[in-house]
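Me: I have a protein open on my screen and want to get to know it. Can you walk me through it?
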Amino acid sequence: MANNKNTKKEQELSASDLERLELLQRANEKVGQQLSFNSETCNLEEIDEIREIIGKQFDNPEEKYNLYYNGIRRLLMNFLPKGKDYKEIRYIIYDEKNIFLNLGKRKSDHNGIRKSDGRMTYQPIMNEILDLIVEWVGNSQNPFVLYKSFYELNEKHGYRHEEYDKSVKSVAQAMLKLSDK
């Protein structure tokens, strides 16, 4: 008989155990539904994950292609100085642009490989840098001003800059100084 009382007590569940079981059962009821606690109403609410995913705007591959190739890349190729003499300056500017497009990933972090592709970044990021380039083309077309704009944009977002050897680093620093003139 004493053994019977112990099994009954073990079978009886506390209020908190019943609540946990109810939560587990409700969580497994529907696929694509998620339980969420609303702190304002202090209630559990179901969130339809599938409807939220469908409601989000996805990146448009064709628009991203046009933004990158017909916008960012074409403007830089057309308005940055051409020729061997300016190759290093162009690459320094491209590095700052790519750090921003790749959300702070630098080549110097991985032995010359960025491990990210700026052409695949988010559209709002591309739009932000394209706006900066269009403003530069319309106002100054001075490559040092563009470099400083990219540099400051990366600073604003907390992205570190490429680490160069001494000669390239001095060119980058000179470009910053020359942009003020």
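Me: How much space lies in the largest pocket?
Reply: About 240 Å³. Keep in mind that this is a predicted model.

Me: OK. Which residues line that largest pocket?
Reply: The lining is Tyr68, Ile72, Arg73, Leu76, Met77, Leu80, Pro81, Lys82, Arg90, Tyr94, Lys97 and Asn98.

Me: Which helices do they come from?
Reply: α4 and α5 each supply at least two of the lining residues. The largest share is from α4, with 5 residues.

Me: And by class, what is in that lining?
Reply: There are 7 nonpolar, 1 polar and 4 charged residues.

Me: How far is arginine 73 from leucine 130?
Reply: Along the sequence, they are 57 residues apart. In space, the C-alpha atoms are 9.3 Å apart.

Me: Next one. How much space is in the second largest pocket?
Reply: About 200 Å³. Its lining is Glu96, Tyr147, Tyr151, His161, Glu162, Glu163, Tyr164, Lys169, Ala172, Gln173 and Leu176. α7 and α8 are the elements that give two or more residues to this lining.

Me: Which element gives the most there?
Reply: α8, with 4 residues.

Me: Let's go inside. How many residues does the largest nonpolar core have?
Reply: It has 29 residues. Those with the most contacts inside the core are Ile72, Leu76, Leu80, Ile93, Ile133, Leu146 and Met175. Two or more core residues come from each of α4 (61–79), α5 (87–101), α6 (123–139), α7 (143–156) and α8 (166–178).

Me: Why would nonpolar side chains be together in there?
Reply: In soluble globular proteins, nonpolar side chains tend to be buried together.

Me: Pick one for me. What does leucine 146 touch?
Reply: Leu76, Leu80, Ile93, Ile133 and Trp136. That leaves out residues up to four places away in sequence.

Me: How much of the protein is buried?
Reply: Buried residues make up 28% of the 181 residues.

Me: What share of the contacts join residues at least 24 apart?
Reply: 59%, among contacts between residues at least 6 apart in sequence.

Me: Why does valine 171 count as partly exposed?
Reply: Because its relative accessibility is 24%. Buried would need a value under 20%.

Me: Now leucine 23. Where is that one found?
Reply: In helix α2 (residues 15–27). Leucine 23 is partly exposed, at 31% relative accessibility. Leucine 23 and leucine 44 are 21 residues apart in sequence. From C-alpha to C-alpha, these two leucines are 9.4 Å apart.

Me: Last topic, backbone angles. What is phi of leucine 103 near?
Reply: Near 55°, a positive value in a residue other than glycine. Most residues other than glycine have a negative phi. Leucine 103 sits in the loop between α5 and α6.

Me: And glutamine 141, what is its phi near?
Reply: Near 60°, which is positive too. Glutamine 141 is in the loop between α6 and α7.

Me: Is glutamine 141 buried or partly exposed?
Reply: Partly exposed, because its relative accessible area is 35%.

Terms used:
Residues are numbered from 1 along each chain as its sequence is written. This is a predicted model: local features need pLDDT of at least 70, side-chain atom pairs count only at pLDDT 80 or more; totals for chains, interfaces and linings use all residues. Side-chain values use heavy atoms; hydrogens and water are left out. A nonpolar core is a set of buried Ala, Val, Leu, Ile, Met, Phe, Trp, Tyr and Cys residues joined through side-chain atoms within 4.5 Å. Buried means under 20% relative accessible area, exposed over 50%, partly exposed in between (1.4 Å probe, protein chains only). Contact means heavy atoms within 4.5 Å. On a 1 Å grid over the protein atoms alone, a cavity is a set of points where a 1.4 Å probe fits but cannot get out, and a pocket is an open set with protein on both sides within 12 Å along at least five of seven lines; lining residues have an atom within 4 Å of a point. Grid points are joined across faces, edges and corners, and a volume is the space filled by probe spheres set on the points. Ala, Val, Leu, Ile, Met, Phe, Trp, Tyr, Cys and Pro count as nonpolar, Asp, Glu, Lys and Arg as charged, and the others, Gly among them, as polar.
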